[in-house]
Amino acid sequence: LMAAFSEGGASLYPAKDYPTIATQSQIWNANGLSKFSVTDLQKLMSGKQASVNPVIGAYGENMNGSSTVKDLETMMQLVYLNFTAPRYDKPAFESVMKAAEGQLKNMEQNPQYVYSDSLTQILYNHHPKAMVMGMKMLKQVNYDRMVQIYKERFADAADFTFVFSGSFDMPTMRKYVEQYIATLPAKGKKEKVANDGKMYAKGIVSREFAHKSENKQAFLGMVWSGKLPYTLDNKIKISIVGQLMANNLLNRVREDEGAAYSPYSRGSVERTFDDIFTIQTTFGLNPDKRASSEKITIACLEDLAKNIPDTELNKMKEYMLKQHAEDVKDNSFWIKAMQDLVENGVNNVTDYNQAVQKITAKELQDFIAGLLKQGNRCEVVMMPEK
């Protein structure tokens, strides 16, 4: 596996360009590459297993690749061409867009899509970049602008970092790096993430709306958010909080109350132009149990700030250590770990076990209390139309 990454992404562009940028990763490969159309490329790649995908994200741009051991050079060639010889094929783009239009029209009829779109807009306080892929977004995609932005993001490899994980010998890898990566155009320009103002809504935000639903199902979503430094300790703690919250929801909302179908929760801290945490849960529920489910969901997190049984925390820590021991066997883990180390200075390898083991219930309770004290909770409920 390979990952190449640099800072910037959509944060460097105005909101009017966001639909074009967000769509790029899903349709760009329809262009083909260099002098080869998609069909030509498929024929050329027959019998080979290698791929490279350029992606422009919200706060950075990536080029992700994979190959078998014997097709490593092919992957490196694809990397080189994606940087130096992208192909522009407007008819292929228009064909993909037409197919996407039919899919999105169907998708927009799904109540879950309607709910997800509403939750995203409310959660980000209707920021113009807070969009879920749909017809409105698709109609704003501009191919010529997409081409221009692609060139701006990938024409200069100066601030890209390349990481590789897999079965290869270093002399061979060095040869390919010198041939296909060291020769990429690099003008020396280095960019940083920009503050584009896309932030979670502050304070307590509560919204409810009705939408037609054949099975008369309601949806409830809650997101707690705020500032939290992006460190290994905080990454582990917020992950544990999400898992403890999920257990509470299963026990109290589904089993005891019989209100929800499959409640889940996750906690994470992310680095955008700032360091931000979220604890979020979204689930379908019986509309008659909406009020009680709302109270229980809030209590599920607040109660953890007062009491976390040692036995439950120890089980969670044991599971995480066991999972980590499995994760380190995968190339994908090492790719992410190297990227986190380079970009954020976080060591997910040698520091992980000790960081998990030293966490106490009291420490975690105080951690949750500190997050709740920031006072940001967004709640969105979609009820079935009567």
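Visitor: What volume does the largest pocket have?
Guide: About 1500 Å³. Keep in mind that this is a predicted model.

Visitor: Which residues are closest to its centre?
Guide: Tyr230, Lys235, Val269, Lys336 and Asp340. They are part of a lining of 44 residues.

Visitor: And which element gives the most to that lining?
Guide: H12, with eight residues. That helix spans 331-344. Other elements giving two or more residues include E1, E3, helix H9 (232-256) and strand E7 (266-271).

Visitor: How does the lining divide into nonpolar, polar and charged?
Guide: The largest pocket has 19 nonpolar, 14 polar and 11 charged lining residues.

Visitor: Where does the largest share of its lining come from?
Guide: From E2, which supplies four residues. Ser51 and Val52 are among the residues nearest the centre of the second largest pocket.

Visitor: Switching to sheets. What order do the four strands have?
Guide: E2-E3-E1-E4, in an open sheet with antiparallel pairing. Strands E2 (50-56) and E4 (161-164) are the edges, so each pairs on one side only.

Visitor: How many bridges join E2 and E3?
Guide: Seven, in the antiparallel sense. Serine 51 stands opposite serine 66 in E3.

Visitor: Which helix packs on the sheet?
Guide: Helix H7, residues 143-154. H7 touches E1, E2 and E3. Its direction makes about 105 degrees with that of E2.

Definitions and conventions. Residues are numbered from 1 along each chain as its sequence is written. This is a predicted model: local features need pLDDT of at least 70, side-chain atom pairs count only at pLDDT 80 or more; totals for chains, interfaces and linings use all residues. Side-chain values use heavy atoms; hydrogens and water are left out. Two strands pair if DSSP finds at least two bridges between them. Contact means heavy atoms within 4.5 Å. Axes are lines fitted to C-alpha atoms, for helices over the stretch in contact, and angles run from 0 to 180 degrees between N-to-C directions. On a 1 Å grid over the protein atoms alone, a cavity is a set of points where a 1.4 Å probe fits but cannot get out, and a pocket is an open set with protein on both sides within 12 Å along at least five of seven lines; lining residues have an atom within 4 Å of a point. Grid points are joined across faces, edges and corners, and a volume is the space filled by probe spheres set on the points. Ala, Val, Leu, Ile, Met, Phe, Trp, Tyr, Cys and Pro count as nonpolar, Asp, Glu, Lys and Arg as charged, and the others, Gly among them, as polar.
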